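Welcome! Let's take a friendly walk through a protein model, going from its strands to its cores and then to its pockets.

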Amino acid sequence: MATYKYVTTEQIGNVGVVTFNRPEALNALNEQVEMDVTDALKAFDADDAIGCMVLAGGDKAFCAGADLKWIASQDFDSAYRGNLAAYMDQVAKLRKPVVAAVRGFAFGGGTEIALMCDIIIADSTAKFALPEVTLGVIPGGGGPARLTRAVGKAKAMYYILTGKPFSAEEAERIGLITKVVEDGQLLDEALAVASAIASNPRLAVLAGKEAVNQQAEVPLAPGLNLERRLFHGLFGTEDQREGMTAFAEKRKPNYKKY
């Protein structure tokens, strides 16, 4: 089994478990974290011994979003040329189901990664948010496209345009996540769901996932492409630089008055 810098992997029965392992940064995303999470899940997806995967985080955070030092260093040229935030699209394209086990913060990219998974189990400590607008950009990892499909236009508009966080209970109520469990029960519940899926006939599970995704995501690709280009373009704005600089300096941003 391969080793990774920012995730750990474990096989439990016929379930592959991938766990974020960058606790000093609340599992914040940088290029290497994105690659490690994606590649570890892809390895389990290709393993005939695995029928389902679980993606988990730490005690304080599932994933607190993008590492500001990494993301704030981007400009339009680097974001567009490097196709920023596109690598993890592969998570949503895995053939085998992925169960997200969310505890603590799932902000920005953390919410987006959870939305790439097929089932989301959260405990009562979980907090979701897409706060990118407060930094002068929009979510670029599928947030607008997948959130709208999950909860509808009105709710998606509210959360994306305000950036306000919301609880696991709210996430379940609006249909964003599958289930909320009590603190301390998260991994057991996620493994139970994943094990139940993995015990079913493999081809039927693959076909079932494909069938649901066809109904839920067509035509997702054009929306993702537009979203990503808008995301890249905002890295050429003064407000993006001011928003991320102010966040790093722990002060209120001074945005342009239009």
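## Strand β2 and its neighbours

In this predicted model, β2 and strand β3 (residues 52-56) run as a parallel pair, joined over 5 bridges. One place to look is Gly16, which stands opposite Met53 in β3. β2 also pairs with strand β1 (residues 7-12), this time in the antiparallel sense and over 6 bridges. Here Gly16 of β2 turns up again, as the bridge partner of Gln11.

## An enclosed strand

Is strand β2 enclosed or open? In strand β2 (residues 15-20), 6 of the 6 residues are buried, so this strand is largely enclosed by the rest of the structure.

The largest nonpolar core has 45 residues. Which of them touch the most other members? They are Leu55, Phe62, Val102, Phe128 and Leu176. Helix α1 (residues 31-45) gives the largest share of this core, with 5 residues.

Leaving aside residues up to four places away in sequence, Val102 touches Phe62, Ala114, Ile120, Ile121, Ala122, Asp123, Ala126, Phe128 and Leu186. There is also a second, separate core of 17 residues, which includes Val17, Ile121, Ala194 and Ile197.

## The largest pocket

Now for some open space. The largest pocket has a volume of about 890 Å³, and 39 residues line it. Which of these lie nearest its centre? Look for Ala64, Gly65, Ala66, Leu135 and Phe247. The elements that give two or more residues to this lining are α2 (68-71), β6 (105-107), α5 (109-116) and α12 (238-248). By class, the lining of the largest pocket divides into 27 nonpolar, 7 polar and 5 charged residues.

Helix α12 gives the largest share of this lining, 5 residues. Within α12, the residues Asp239, Gln240, Glu242, Gly243, Met244 and Ala246 are buried. What covers the buried residues of α12 includes α2, an element that also gives residues to the lining of the largest pocket. After α12 comes Lys250, whose phi is positive, near 55°.

## The second largest pocket

How much space lies in the second largest pocket? About 500 Å³. Its lining has 22 residues, and Leu115, Cys117, Asp118, Asn213 and Ala216 lie nearest the centre. Two or more lining residues come from each of α5, β7 (119-123), α6 (143-151) and α10 (202-217).

Which element gives the largest share of this lining? α10 does, with 6 residues. Sorted by class, the lining of the second largest pocket has 13 nonpolar, 4 polar and 5 charged residues.

How values were computed: Residues are numbered from 1 along each chain as its sequence is written. This is a predicted model: local features need pLDDT of at least 70, side-chain atom pairs count only at pLDDT 80 or more; totals for chains, interfaces and linings use all residues. Side-chain values use heavy atoms; hydrogens and water are left out. On a 1 Å grid over the protein atoms alone, a cavity is a set of points where a 1.4 Å probe fits but cannot get out, and a pocket is an open set with protein on both sides within 12 Å along at least five of seven lines; lining residues have an atom within 4 Å of a point. Grid points are joined across faces, edges and corners, and a volume is the space filled by probe spheres set on the points. Helices (H or I, at least four residues) and strands (E, at least two) are DSSP runs, numbered from the N terminus. Ala, Val, Leu, Ile, Met, Phe, Trp, Tyr, Cys and Pro count as nonpolar, Asp, Glu, Lys and Arg as charged, and the others, Gly among them, as polar. Buried means under 20% relative accessible area, exposed over 50%, partly exposed in between (1.4 Å probe, protein chains only). Contact means heavy atoms within 4.5 Å. A nonpolar core is a set of buried Ala, Val, Leu, Ile, Met, Phe, Trp, Tyr and Cys residues joined through side-chain atoms within 4.5 Å. Two strands pair if DSSP finds at least two bridges between them.
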